[in-house]
Each structure stands twice: as structure tokens, then as C-alpha cells.
Amino acid sequence: MSERASFDIRRMPGFVAIALATFLVLYAPIVTLVIYSFNAGMSVALWEGFSWRWYEAAMHNQQIQDAAVRSVIVASFASVFATVLATMAALGTTRVRPFRGQTTIYALINQPLMVPEIVTGVALLIVFATVKQATGYSGLGYLILAHTAFCIPFAYLPIRARLEGLDRSLETAAADLYATPWRAFRRVTLPLMMPGIVAGAMLAFVISLDDVVITEFVKSAGQDTLPTYMLGQLRRAVTPEINAISTVLLFISVAIVSAFFVLNRKKA
Amino acid sequence: MHAPKPSVDASHPAPAPARTGALNLADEARKREVRTSWLLSAPALLVLVTAASGPLLIVLVYSFLAAGDYGGVVWSLSGEGWFKVFLSRDIFDDTVGIADAHLTIFWRSVRLSMLTTLICIALGFPTAWFIATRSRESRNVWLFLITIPFWTNLLIRTFAIMEVIRSEGIVNTVLMTAGVIERPIQMMYTDFAILLGMAYVYLPLMVLPLYAAMERLDFRLIEAAYDLYASRWRVLRRIVVPLVKPGLIAGSILVFIPSLGAYVTPRVLGGGKNMMLGNLIELQFGQGRNWPLGAALSLTLLVIVMVALIFYVRIVQKEAASRE
């Protein structure tokens, strides 16, 4: 309130109230969900005391266990693959003089961000149904491949942003000191890129872990991940068990995103 | 000083005497650089073409095939899939029953997406303004608070809304306990529920670009307007809105496009009756067993999205051009 000598040019009538109400609306449902995951009773509206009951129930549910393991496997593979591929692509497309085809590369990389998920899901359903029939393989490979593809842009953007801000002179200095190109890359460029790479990997992991639509269309029978398992359960009677899983997923996402923020803050 | 189409010799002029030799060398180096770029990008592109872009082409092929009896397709050319999409748009043709159903769903998708965008502007604009006018440190905290829901699973957020509005949910329980209503208000499985859910889920997508635009705002212009006796409303309309227009458009596109293709939110909150385009598409690949129609509907959705994107790019380019 320092600049409020007489007339605050930054003030707009009602804006503060609307903004605060928006934050309230944004958080109230999520907070409610978290609180009621600890409810002793069945209800999602009547509080009957604190309990870990639904977390225990979720933990002992074989389907949930399997889905959780599957989610983590897919997200781990997909985020690692996507990050490696995105790092290479970023090295190929950043800090180079513009070349013919560069726009095409950008378009292809960013394409998953523009096409509605339902369309990609349907497209993959069609292709993978044929491949599954032809090869007889119906493992997690399809999910990992699909997730890798749509995670690439999420990994690519922070890595590219980091790379663009890098000082070329450090690498030139390494080369002047007779470092081979590979050595200069390993010892200079790569460490400098690391915050971007880690950030990209984390985003990719969260995006893969949260995906519902594409997974729903690509998965074979009995290949539920946590989100698709939850989506299936929402059709039936909802138990606070779902609240418990949601809360766990929520905290994983929040933890990863917080770490991402910290990483990015250091950069700046 | 960038040439629109950079050629090798233009950007690296070699000294005159050794011109040809140096040119060849520069040419070689340039070629190698470009080749490295492609080699490094190739693995990512391969995955993207296999599992993102390529399958879209196959959807195009499928949309022109005949439907199999138990899902899948029969490999014979047929316009039936597209025929059904376009017929559904024909209001004046009352001979086909399904047409009305498709039309209703198309209209619901467009209407709810536009309303979602408007609600997000109404709430997002003041919120972004609020964040942009905080002190530098607290700004980051508020921004972080907007980002958290953005990165939280969409299904969980939809589910959280469901817990609030369903018959045994918070709102109804509180109102009934307080004696305001006798029977729960039916909010689930209505267009209202979908609208509420989508606005809730996509709001951060509006706030973030708006904030980015407002953060760069030159507040001296606003001060000048006030000095010239402009009212707050006039400043908002004539100074702030035109200046943050790129952010406003970006936010609108970012909200409108996923709303149009929404699948999870209408499925959970709208139920089987209040379908949107995404659910209609899914239906054709599930119970509907009409893959060509599903493929044609997917491409229709894709075309609408692309048109919206092109529209957006045009406006941004025009803005950029007018600023120079």
C-alpha cells in the first residue's frame, strides 16, 4: 500500500473481491475432498470423525494396487524416454541458424498440445487395435509409447527455454582448452542444461501420471491406471476410497510441481 | 537484421579473394550443422509421427470406409460416415432422426464452451489483475496458487466439483440441514454441472496468459489516462483491455479449445444424457459401433479447433504488426 498516497492507479473496483472469491472457489472443493478422505463415515458430506479407514481400504484393494504400480511404471518409462528425446530435439533445434524444415519440427513437437486428447485417443485406438491383432502383443508398450509421444512437448519446452538462455562462451572456452566436442558437451553444456532437463522430466511425469483420456482409449483389457480406474469407479457408487486415492495423487502432483517451481526460481 | 529466408552465403560473407574456397567450407559446415539438427530431432519425430501425427492420417482414411457390424471397418470406400455428420447439421431436413441428436450435441458443445470462456474471463480477468498488482514477492505466491490447480489431475478436480454439487454432496446436505430446502436440488447431470465443472477446471488457463500480459503493462499509461480525468471504467475499457488483448485472446483460445474437446468433465458431470462432442465420438467407438462416423466426427472437431487456432495466430500477427 506504499504507493497509495492519494489515488491508487492499480485499483479497480470489485477486482480484489472477485479475485479472492475466485481463489476460494478454486480451493474449496479440493480442500473439502482432502478433508473428507479422512472421514470415518461413508458420507462425503457428514463428518463422522477422523480415520485412516479409506486409505487402508484403498491400500488393501488389489485393483488399486495394480493400477498404482501400472501408473508409476508407465509414467516413469514415458517421462524418461520423452525427456531424452526432447533433450536431443532441443539440442538440434535451439541455438542454430534457422534451417528449412525447422518449422515442421516445431509443429510436430507441439502437435500433441493442439490436437484434442479425444481425437488422439481415438486415432491411437484405431492404429493400436490393428497392431494388437496383427502382432498379438498387448502389453504396456502401447501405453508407454502413447504417453512418451504426448509428454515430449512438455519436456521439450523447459529444456529449450533453458538452452536458449545458455551462454555460448562457456562452451567456446571449453573448446579453446582443447576439449573434444563430446567432452565439452558432457562437462559443460549438459550440466548447464540440467535444471531444464529435470524440470522437463518432472512435468512429463506429472502429465503422464494424470492422463485419463488417451490411456482410456489405448489400454488393453485389465490395464487400468489409477486415473482410468477412478473414472470407471465414478460410474458406480462413489466411496471415500476414491477421495483417498485422489488425495494421494494430489499430493504427488503438488510436491513435483513445487519442486519444479523451486528449480525454476533458482535459474532466475 | 534477419533475412526472411536465410541462405548460406548471405549470412556469412567471405573475403573476396578466397571467396569460392571459403564458401565451400562454410557451405560444408552449414550442411553438417543442419544434418546434426535433423539427426538429433529424428528420434523424437519418429515417436511423434508413430503415436501422434501419423494416426491422425489413418483416422482420415477410416472416415471414408464402411462400418463393420461389430465395430471396426470394412475396407470399402463409403461416404456414410461423413454423410451422417453433415446431415446432423441440416436443420431443415426432418427426415433423419439422428440428425437432431447430433445437432443438439454440436450446439451444446459450442454453447457451453463459449459460456465457459466468458465465465473464465469474468473471473480470470480480475484475478490476473489482482496478482499483477501485488508486490513482487507476494505475486509469486499468488501465481503459485493458480498453478497448483492447473497441474492437479483434471479428473480429481472434476470429482471434487461432483462432491460439491451431487444430491448427497456438500451444498445439498448443508441446505437441507439448514432447512432451506426439503429435497436435494438436482444439479448433477445437467448442462449447468458441465458448465460449472469446465469453468472450474480451465480457469487457470485463462489467468496465466492474462497475467503474463498484465505484468508487462506500462502503468504510466494508466496514470496518464487518470491525469486526463478518465473514469476507472473508461481506463479499463480504453487502456487496459486493448493493451492486454493478446493475453485475453490467448486465454480464451486456451479455454475454448479444451472445452470443445472435453471428454472427462461432461462424462462425469453430464452423465449419459448431456453429451458433448467428445462423448459422442467415444460413443461411436463403443456402443455405437460406427467407427467411420466416429472418425468423421473426430476430424470435424479437429477442423473446428484448427480454425480457432488459425484465427488466433492471425490476430496475434496483426497485433504484432500494428505495434511495429
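## Exercises on a two-chain predicted model

Seven residues of domain 1 of chain A are in contact with seven residues of domain 2 of chain A (contact: C-beta atoms, placed from the backbone, within 7 Å). This is a predicted model, where local features need pLDDT of at least 70, side-chain atom pairs count only at pLDDT 80 or more, and totals for chains, interfaces and linings use all residues. Residues are numbered from 1 along each chain as its sequence is written, with chains lettered from A and ligands numbered from 1 in the order in which they are written.

**Exercise 1.** Describe the domains of chain A and the side of domain 1 that touches domain 2.

*Solution.* Start with the bounds. Domain 1 covers 17–51 and domain 2 covers 55–267 (bounds from an automatic or database domain assignment). Next, the spacing: their C-alpha centres lie 30 Å apart. Last, the classes. The side of domain 1 of chain A that touches domain 2 of chain A has five nonpolar, two polar and no charged residues. Here Ala, Val, Leu, Ile, Met, Phe, Trp, Tyr, Cys and Pro count as nonpolar, Asp, Glu, Lys and Arg as charged, and the others, Gly among them, as polar.

**Exercise 2.** Find the domains of chain B and check the UniProt feature against the fold.

*Solution.* The assignment gives domain 1 (17–61) and domain 2 (80–323) of chain B. Their C-alpha centres are separated by 38 Å. Now the record: UniProt, in an unreviewed entry, places "domain: ABC transmembrane type-1" at residues 106–312 of chain B. Such annotations may be inferred rather than shown by experiment. Over residues 106–312, chain B is 79% helix and 0% strand (DSSP runs: helices H or I, at least four residues; strands E, at least two). The end C-alpha atoms of that stretch are 22 Å apart.

**Exercise 3.** Which helix gives the largest share of the side of chain B that touches chain A?

*Solution.* Count the contacts: 72 residues of chain B meet 71 residues of chain A. Then find the source. Helix 2 (residues 19–62) of chain B supplies the largest share, 22 residues. By class, this side of chain B has 48 nonpolar, 17 polar and seven charged residues.

**Exercise 4.** Which residues of the largest nonpolar core touch the most other members?

*Solution.* This core has 150 residues (buried Ala, Val, Leu, Ile, Met, Phe, Trp, Tyr and Cys joined through C-beta atoms within 7 Å; buried: 20 or more other C-beta atoms within 10 Å). Ala86(A), Val122(A), Leu124(A), Ile152(A), Ala155(A), Ala204(A) and Leu210(B) touch the most other members. Helix 8 (residues 191–215) of chain B gives the core its largest share, 18 residues.

Conventions
Two residues are in contact if their C-beta atoms, placed from the backbone, lie within 7 Å. A residue is buried if 20 or more other C-beta atoms lie within 10 Å of its own, exposed if 12 or fewer, and partly exposed in between; C-beta atoms are placed from the backbone.
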